[in-house]
Amino acid sequence: MIRSAGIILFTVGAVSAAFAQGAAKQAVASAAKPDLTVGRQHFEQSCGVCHTKPLITSGRFGPALSKESLGGQADVMAEVIGNGVPLRMPGFKHQLNNDQIRAVVAYIQTLDPPPPEAAKPTARTSGERRDDN
Ligand code: HEC
């Protein structure tokens with residue numbers, strides 16, 4: 001009994017040490033360059049509702065995003081994501097830290113632009129719209 005408890009303790013210790021190592025490696029990696037997997041996860045969770053069109057029949061509130069959005073300028077994108085667009089898009093600086101925003105920007109910069117017609121928002125609201133199509 002005592003021996004098996006020891007084995008369990010050892011196992012738990014080994015697993016948490018491995019986990020800590022993994023976390024440390026991840027921290028180093030995120031300082032070096034943005035993690036596209038993390039960026040994609042945040043994008044799908046926080047942005048997809050307005051910026052993607054999951055079904056052919058669904059509308060899209062915001063424009064499709066790609067490497068060409070905002071001229072592909074990472075700084076400008078990060079600024080829009082952090083502060084949002086008045087009345088149109090919430091800012092994310094309180095939900096996402098700088099590394100996470102950088103990861104989302106890096107992920108968006110892997111996306112090819114859709115054909116021009118498909119890029120436009122399709123859902124209309126009573127508010128004003130920026131693009132004059
Ligand atoms: C509530 C809906 C909504 C959510 C959620 C949202 N956005 Fe937006 N976003 C918009 C709208 C609408 C616009 C267009 C604003 C305008 O008319 O200038 C926009 C514009 C942008 C732009 C500028 C695009 C361009 O070409 O002008 C970027 C970049 C962007 N959003 C990124 C994001 C990211 C990244 C997230 C998630 C972290 C996000 N947005 C979440 C609605 C949203």
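**Loop residues, iron site and helix packing**

Leu70 is situated in the loop that joins α2 and α3. In this predicted model, Leu70 adopts a positive phi of about 50°, although it is not a glycine. Most residues other than glycine have a negative phi. With a relative accessibility of 37%, Leu70 is classed as partly exposed, because the value falls between the limits of 20% and 50%. A positive phi is also found at Leu87, where the angle is near 70° in a residue other than glycine. Leu87 belongs to the loop between α3 and α4. Its relative accessibility is 78%, so Leu87 counts as exposed, the cut-off being over 50%.

The loop between α3 and α4 also contains Met89, one of the two members of a pair that links distant parts of the chain. The protein donors of the iron atom of the ligand are the NE2 atom of His51 and the SD atom of Met89, which lie 1.9 to 2.1 Å from the iron. His51 is in helix α2, which spans residues 36–51, and is 38 residues apart from Met89. Around the iron atom of the ligand there are 6 donor atoms, and the angles they subtend run from 86 to 178°, which makes the arrangement octahedral. For six octahedral donors, the ideal angles at a metal are 90 or 180 degrees.

When neighbours within four places in sequence are left aside, the residues in contact with His51 are Phe43, Arg60, Gly62, Pro63, Ala64, Leu65 and Met89.

Two packed helices are described by the angle between their axes and the distance between the axes. The axes of α3 and α4 come within 10 Å of each other and cross at roughly 125°. The crossing of α3 and α4 is right-handed. On the α3 side, the residues that meet α4 are Ala74, Met77, Ala78, Ile81 and Gly82. Their counterparts in α4 are Ile101, Val104, Val105 and Ile108.

Key: Residues numbered from 1 in each chain as written. Predicted model: local features only at pLDDT ≥ 70, side-chain atom pairs only at ≥ 80, totals over all residues. Heavy atoms only, no water. Donors = N, O, S within 2.8 Å, 3.2 Å for Na, K, Ca; no water. Tetrahedral: all angles 85-135°; square planar, octahedral: opposite > 155°, others 65-115°. Helix = DSSP H or I, 4+ residues; strand = E, 2+ residues; numbered from the N terminus. Axes fitted to C-alpha atoms, helices over the stretch in contact; angles between N-to-C directions. Left-handed = near helix turned anticlockwise from the far one by under 90°. Contact = heavy atoms within 4.5 Å. Buried < 20%, exposed > 50% of the residue type's maximum accessible area, 1.4 Å probe, protein only.
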